[in-house]
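The sequence and the model come first.

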Amino acid sequence: MNIVYFHTHDTGRYIQPYGYAVPTPHLQSFAEEAALFRQAFCAGPTCSPSRSGLLTGMAPHSNGMIGLAHRGFRLNDCSQHLASFLARNGYETALSGVQHENHGAGAVNELGYKENLNLLNEARGGEARDLQTARLAAEFIGKQGDAPFFLTVGLHNTHRAEFDFPQTSRPVDSRYVMPPHPMYDTAANRKDMAGFIASAAVVDECFGIVRQAIKDAGKWDDTILIFTTDHGIPFPRMKCYLYDTGIGVSLMMRVPGRTEGQAIDAIVSQIDLFPTLCEITGIAKPNWLQGCSLVPLLDGSVSEVRTELFSEVTYHAAYEPMRCVRTERYKLIRFYDDHGQVVMSNMDNGMSKQFLMQHGIRERSRSKDMLFDLYLDPVERENMIDDSAYVGIASDLTERLESWMRRTDDPLLAGPVPAPEGARVNPLGSLHPNNFE
């Protein structure tokens with residue numbers, strides 16, 4: 001069974017299949033023939049930790065990727081990467097576009113990719129890089145024979161760096177756009193969101209190219225196609241935050257003969273994809289996996305595969321250690337620093353951030369512990385940590401979180417976690433992160 005893993009930057013769930021006013025017709029069409037996970041979450045709402053969690057099947061603090069690869073953070077063992085694992089099990093492996101789990105000379109090969117299609121992209125030039133990434137992926141698919149292959153297709157869109165230069169034929173009029181719900185409805189914030197919507201159109205076009213290539217190559221019936229993203233969209237209270245707007249991700253997966261238009265409400269983590277692929281392909285699971293297979297959900301034999309999941313941030317542009325445990329109804333977020341400040345450099349710069357800075361966000365403090373009842377407060381604004389009615393729930397979630405940290409040898413248990421030698425970390429008070437990924 002072939003595997004195509006298609007991923008984007010900073011898209012969260014802001015696409016058409018999740019009900020948002022972000023036209024993505026190719027993704028909508030795919031959702032109708034795939035399994036759509038309504039409650040999917042990443043292992044960490046920043047780029048490298050999230051992707052490393054998915055691709056190693058482990059929490060970021062377990063695989064070593066507690067910060068951004070291009071800032072000097074590294075996996076403990078690249079052989080635990082899914083590409084390397086599949087290559088050892090007879091797969092042809094190729095990368096087209098973004099990977100953010102390794103950095104520097106030889107990074108792609110170290111992860112287990114036998115072919116780096118980006119070298120062709122650099123040689124050709126011309127067309128916008130994500131469209132070229134999709135076309136190179138399509139060419140690769142068309143050339144494959146009977147041997148199974150694993151292809152990663154990674155886009156720069158919908159990263160903020162792409163907002164100013166949207167390569168799309170679908171213009172977006174910001175007068176008729178609604179900013180995402182944490183943001184006040186202003187002209188600047190509408191314009192900011194319009195840039196995201198235009199960027200999402202590029203994602204959709206690229207996904208359509210790759211999906212059609214699988215069909216044209218006659219491989220639709222023997223290829224697993226996955227669409228997902230790393231974390232929430234690049235707006236305040238979203239990316240790099242442990243609210244659902246930060247850790248909630250799109251996840252759609254088509255497995256021939258197993259999926260067709262399912263909408264699955266069970267909570268799942270991206271670290272569950274690795275063991276799922278092992279079960280579907282019949283490859284024995286490696287002993288480092290921390291997730292659980294989603295196959296029983298795909299088959300409809302169970303209504304849930306986990307009762308809790310976890311997510312984390314240690315470093316983004318700056319050090320901001322936090323962990324969370326989420327059940328279907330409740331969320332506990334805990335910070336492991338002692339300053340209580342909003343860390344501005346971990347908030348991507350843009351019009352929405354500038355609006356908040358102009359109106360006092362830097363003077364706000366935050367709580368060390370937050371408890372949310374998601375049934376009654378899905379937007380996570382009411383902190384119930386000191387409410388007597390929630391004492392038992394807070395105690396239970398605290399024990400679950402601490403038990404997971406002990407079980408996975410979280411370095412935070414021993415105190416502040418130092419960055420690796422040579423890593424680039426912003427000071428706490430830095431306003432502009434320069435953290436483009």
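## Salt bridges

Arg406 and Glu399 are joined through their side chains by a salt bridge, at 3.1 Å from N to O; the term stands for a side-chain nitrogen of Lys or Arg within 4 Å of a carboxyl oxygen of Asp or Glu. Arg406 counts as partly exposed because its relative accessibility is 44%, and Glu399, with a relative accessible area of 41%, is partly exposed as well. Buried means under 20% relative accessible area, exposed over 50%, and partly exposed in between, with a 1.4 Å probe and protein chains only. The model is predicted: local features need pLDDT of at least 70, side-chain atom pairs count only at pLDDT 80 or more, and totals for chains, interfaces and linings use all residues. Residues are numbered from 1 along each chain as its sequence is written, and side-chain values use heavy atoms, with hydrogens and water left out.

By this rule the count comes to 25 salt bridges. One of them is between Arg323 and Glu312, with 3.9 Å from N to O. That pair links distant parts of the chain, Arg323 being in strand 11 (residues 319-326) and Glu312 in strand 10 (residues 309-315), 11 residues apart. Both of these residues, Arg323 and Glu312, are buried. Helices (H or I, at least four residues) and strands (E, at least two) are DSSP runs, numbered from the N terminus.

Lys331 and Glu380 form a salt bridge in which the closest N and O atoms are 2.6 Å apart. Here too distant parts of the chain are linked: Lys331 is in strand 12 (residues 330-335), Glu380 in the loop between strand 13 and helix 13 (391-407), and 49 residues separate them. Lys331 is buried, and Glu380 counts as buried because its relative accessibility is 4%. Glu380 also has a positive phi, near 55 degrees, although the residue is not glycine. A network of salt bridges links Asp244, Arg326, Lys331 and Glu380.

## Pockets

The largest pocket holds about 700 Å³ of space. On a 1 Å grid over the protein atoms alone, a cavity is a set of points where a 1.4 Å probe fits but cannot get out, and a pocket is an open set with protein on both sides within 12 Å along at least five of seven lines; lining residues have an atom within 4 Å of a point. Grid points are joined across faces, edges and corners, and a volume is the space filled by probe spheres set on the points. Of the 27 lining residues of the largest pocket, Arg237, Tyr243, Ile361, Arg364 and Arg381 lie nearest its centre. Helix 12 (351-358) and strand 13 (369-373) each supply at least two residues of this lining. Its classes are 15 nonpolar, six polar and six charged residues; Ala, Val, Leu, Ile, Met, Phe, Trp, Tyr, Cys and Pro count as nonpolar, Asp, Glu, Lys and Arg as charged, and the others, Gly among them, as polar.

The second largest pocket has a volume of about 540 Å³. It is lined by 26 residues, and the closest to its centre are Arg13, Gln39, Asp244, Arg326 and Pro378. Strand 2 (35-41), helix 9 (244-247) and strand 9 (262-269) each give two or more residues to this lining. By class, the lining of the second largest pocket has 12 nonpolar, six polar and eight charged residues.

## Nonpolar cores

The largest nonpolar core has 84 residues, and Phe37, Phe150 and Met253 have the most contacts inside it. Such a core is a set of buried Ala, Val, Leu, Ile, Met, Phe, Trp, Tyr and Cys residues joined through side-chain atoms within 4.5 Å. Apart from it lies another core, of 34 residues, including Leu36, Ala94, Val153 and Val202.

Helix 10 (residues 273-281) is largely enclosed by the rest of the structure because seven of its nine residues are buried. After helix 10 comes Gly282, with a positive phi near 80 degrees.

Ile267 belongs to strand 9 and is buried, with a relative accessible area of 6%. Leaving aside neighbours within four places in sequence, the contacts of Ile267 include Gln39, Phe41, Leu309 and Arg326, where contact means heavy atoms within 4.5 Å.

## Backbone features

The peptide bond from Asn157 to Thr158 is cis, with omega near 10 degrees. Thr158 is in the loop between strand 5 (149-154) and helix 8 (187-216).
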